[in-house]
Amino acid sequence: MATLGAEEDALARYRSPLVSRYASAEMAFNFSERKKFGTWRRLWLYLAQAEKSLGLPITDEQIQEMEANLDNIDFKMAAEEEKKLRHDVMAHVHTFAHCCPKAAAIIHLGATSCYVGDNTDLIVLRDGFNLLLPKLARVISRLADFAEKYADMPTLGFTHYQPAQLTTVGKRCCLWIQDLCMDLQNLERARDDLRFRGVKGTTGTQASFLQLFEGDHSKVEELDRSVTAKAGFKRAYMVTGQTYSRKVDIEVLSVLASLGASVHKICTDIRLLANLKEIEEPFEKDQIG
């Protein structure tokens, strides 16, 4: 079999049409490998900075070396390391250490895999909400303009897709807007309820950090607060195990599913109205089908 180049190799792999056809470039990047592993490195930097500020023997030179290589990721080396070590986080620790030889000894100091893995997931969820919310607000604003424009235009209403009483085009649109406003509120709440996992150690006891700081609980608590702030969160979960509670994921999925239901309902309404020739979809000059 012929050797494939990078572009051909990418085309030979499955790609979800949800990404390749429908996702924005910003949202696709938010869930990308580069965002994920770049965030891991930033989390290692935040940890080292906070540990240094609290008295651990970490030098400015080590911090500067890490800062200079945050996006200098050798993905081929990381893949080779993971194949050898069978551990994704340690593979990237080694890869980061390769370009930061002076900082190698303090990368991931006292941390567990979920320090980077779970905290990154929470950052990605938060950033995803921040991408989605303005788009949803824009849709609501445009629908509001449409509803106002056609507030007095009469149209036949339906129940169970059977002719019923007269309504107006603007009133019908307000039904969609009301659902989306509920979704906007729920998405904002879910985003604002997100907390950082923080610096909790292997099983959530912070034992490794207590050992590093010779049993000084106040420094360990300040470490948690400091890294949480550096990551852009106001709060961290007070209690975790190795991971943050997976109920957080259920909360996120719930509000996204509710938004999806609203969009599905709106699109079904439009499709049915299009069948009755009450609404027509825009059709581009060279469009087929």
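The structure, a predicted model, holds 15 salt bridges, a salt bridge being a side-chain nitrogen of Lys or Arg within 4 Å of a carboxyl oxygen of Asp or Glu. Residues are numbered from 1 along each chain as its sequence is written, and side-chain values use heavy atoms, with hydrogens and water left out. Because the model is predicted, local features need pLDDT of at least 70 and side-chain atom pairs count only at pLDDT 80 or more, whereas totals for chains, interfaces and linings use all residues.

One of these salt bridges is formed by the side chains of Glu-61 and Lys-102, with a nitrogen-to-oxygen distance of 2.7 Å. Glu-61 belongs to helix H5 (residues 60–68) and Lys-102 to the loop between helix H7 (88–99) and H8, so the pair ties together parts that are 41 residues apart in sequence; helices are DSSP runs (H or I, at least four residues), as are strands (E, at least two), and they are numbered from the N terminus. Glu-61 is partly exposed at 45% relative accessibility, and Lys-102 is likewise partly exposed, with a relative accessible area of 49%, where buried means under 20% relative accessible area, exposed over 50%, and partly exposed in between (1.4 Å probe, protein chains only).

Other salt bridges lie within a single helix. In helix H6 (residues 75–85), Lys-84 and Glu-81 are 3 residues apart, about one turn of the helix, and the closest N and O atoms of their salt bridge are 3.6 Å apart. Lys-84 is exposed, with a relative accessible area of 60%, whereas Glu-81 is buried, with a relative accessible area of 16%. In helix H11 (residues 217–230), Glu-222 and Arg-225 are also placed 3 residues apart, about one turn of the helix, and their side chains meet in a salt bridge of 3.1 Å from N to O. Of this pair, Glu-222 is partly exposed, its relative accessible area being 32%.

The largest pocket contains about 1200 Å³ of space. On a 1 Å grid over the protein atoms alone, a pocket is an open set of points with protein on both sides within 12 Å along at least five of seven lines, in contrast to a cavity, where a 1.4 Å probe fits but cannot get out, and lining residues have an atom within 4 Å of a point. Grid points are joined across faces, edges and corners, and a volume is the space filled by probe spheres set on the points. The lining of the largest pocket comprises 23 residues, and those nearest its centre are Leu-18, Tyr-22, Ala-23, Ser-24 and Met-27. Two or more lining residues come from each of helix H2 (17–20), helix H3 (25–30), helix H8 (113–149) and helix H12 (247–275), with H12 giving the most, at 7 residues. By class, this lining divides into 16 nonpolar, 4 polar and 3 charged residues, where Ala, Val, Leu, Ile, Met, Phe, Trp, Tyr, Cys and Pro count as nonpolar, Asp, Glu, Lys and Arg as charged, and the others, Gly among them, as polar.

The second largest pocket has a volume of about 370 Å³, and its lining residues include Leu-132, Lys-135, Arg-142, Leu-180, Leu-259 and Cys-267. At least two residues of this lining are supplied by each of H8 and H12, and H8 gives the most, with 6 residues. The lining of the second largest pocket has 10 nonpolar and 2 charged residues, and no polar ones.

Helix H8 also carries Asn-119, which is buried, with a relative accessible area of 0%. Polar atoms of the Asn-119 side chain lie 3.0 Å from the backbone nitrogen of Arg-197 and 3.0 Å from that of Gly-198. When residues up to four places away in sequence are not counted, Asn-119 touches Leu-43, Cys-114, Phe-196, Arg-197 and Gly-198, contact meaning heavy atoms within 4.5 Å.

Positive phi angles are found at Gln-206, with a value of about 65° although this residue is not a glycine, and at Glu-214, which is not a glycine either and has a phi of about 50°. Gln-206 is placed in the loop between helix H9 (169–193) and helix H10 (207–212), and Glu-214 in the loop between H10 and H11. Gln-206 counts as buried at 15% relative accessibility, whereas Glu-214 counts as exposed at 76%.

Methods: A polar contact is a pair of N or O atoms within 3.5 Å; within protein, one must be able to donate a hydrogen and the other to accept it, and residues adjacent in sequence count only if both atoms are side-chain atoms.
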